[in-house]
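I opened this model to look up a few residues and their surroundings. My notes follow.

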Amino acid sequence: ADLYDQFVVTGDIIDYLSYGALDTAEKILFDAHPDGLYAMGGHDVTKHMETGLSNALSLAERQQMNQDYYKHNIFYASRLVADSVLCIQMDNGSSRYWDEQVEKLSADLALARENGYTVLLFQHEPLATGNPDDTAVPSLCRDADSNKVTFNFYGSSHIGGNGISNPPEASVKVYNLITHNADIIGGIFCGHRHYRYYTEIKATDPDG
C-alpha cells in the first residue's frame, strides 16, 4: 500500500463488529498504514451479523467503537494527492449520508473548483444512477455469469434511488452536491455489491 499515492479501503473492513476484529484491523491496517482512508461498511457497524438478533448497542455507540480505532474522522476525510486530485472518503455504509458531511463536501468541492482539482469520492455503497437503462447492469467479473449477476442501479434502495421513501435531508443534499458538480467529480469508488460494476450517474455541472 505504501507504493501508492493514496491507499483506500471502501468498507466492510471487518466481518462483524467486535473488539477482537477491530484489534486485528488496527494491527494490519490502521497502524500499518495510518495515512490510509477507510470507509465504513455495513459489517463494520453490525455486532450480530446474520444471526437474526438485534444489535444491543445503538448505531451511535457502534460508530464510536470504530472511531476509537480509526486515525481519521469516520464520517468524512479528504486528502490532496499530487497537488491535483482531492480524494474524499465519506461514510454511507448505513445507507445514508450525515448532516456533518454536507458542509464539508460543499467546502471541498468549492476548493477543488477554485484550484482545478479533480475530485474522487470513496464510500461503501454505490449511488443510484438516475438512468432508467440501469435496471439490470451486468457484472464485469470474469468469473460471474453476466446474464445472472446483474443489479438494478436505477430503482434500487441505494441513495438517490426511487426505492427509498422519505430519505434523510442530508442524503438528499449530498446526492445533489454530487450530481450537480459533474465537471469536477471524476469518479465514485464503492464496495458493497461483491461484484464489479461500472455505471455512469446522470449529473450536471452548476450551469446545468
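**His124 and its surroundings**

I began with the contacts of His124, where contact means heavy atoms within 4.5 Å. Beyond its neighbours within four places in sequence, His124 is in contact with Thr10, Gly11, Asp12, Ala39, Met40, Gly41, Gly42, Asn92, Gly93, Cys190, Gly191 and His192. This is a predicted model, in which local features need pLDDT of at least 70 and side-chain atom pairs count only at pLDDT 80 or more, while totals for chains, interfaces and linings use all residues. Residues are numbered from 1 along each chain as its sequence is written, and side-chain values use heavy atoms, with hydrogens and water left out.

I placed His124 in the loop between strand E5 (118-122) and strand E6 (137-138). Helices (H or I, at least four residues) and strands (E, at least two) are DSSP runs, numbered from the N terminus. Is His124 buried or exposed? His124 counts as buried because its relative accessibility is 1%. The scale is: buried under 20% relative accessible area, exposed over 50%, partly exposed in between, with a 1.4 Å probe and protein chains only.

I then checked side chains. His124 and His192 are joined by a polar contact of 3.2 Å. Such a contact is a pair of N or O atoms within 3.5 Å; within protein, one must be able to donate a hydrogen and the other to accept it, and residues adjacent in sequence count only if both atoms are side-chain atoms.

His192 lies in the segment after E8. Its phi is near 75°, a positive value in a residue other than glycine. His192 counts as partly exposed because its relative accessibility is 28%.

Asp12 also has a positive phi, about 55°, although it is not a glycine. I found Asp12 in the loop between strand E1 (8-10) and helix H1 (19-30). At 24% relative accessibility, Asp12 counts as partly exposed.

**Nonpolar cores**

Next I looked up the cores. A nonpolar core is a set of buried Ala, Val, Leu, Ile, Met, Phe, Trp, Tyr and Cys residues joined through side-chain atoms within 4.5 Å. The largest one has 21 residues, and Ile88, Met90, Leu105, Val119, Leu121 and Ile178 have the most contacts inside it. Strand E4 (85-90), helix H3 (99-115), E5 and helix H4 (169-179) each supply at least two residues of this core. H4 gives the most, with five residues. Another core, of 17 residues, lies apart from it and has Leu17, Met40, Val45 and Ile74 among its members.

Not counting residues up to four places away in sequence, Ile178 touches Met90, Tyr97, Leu105, Leu121, Leu127, Ile185 and Ile188.

**Asn73**

Asn73 lies in the loop between helix H2 (59-67) and strand E3 (76-81). With a relative accessible area of 29%, Asn73 is partly exposed. Which backbone nitrogen lies 2.7 Å from a polar atom of the side chain of Asn73? I found that of Phe75. The backbone nitrogen of Tyr76 lies 3.1 Å from a polar atom of the Asn73 side chain. Leaving aside neighbours within four places in sequence, Asn73 is in contact with Gln67, Gln89, Glu100 and Lys104.

**Val137**

Val137 is buried, with a relative accessible area of 7%.
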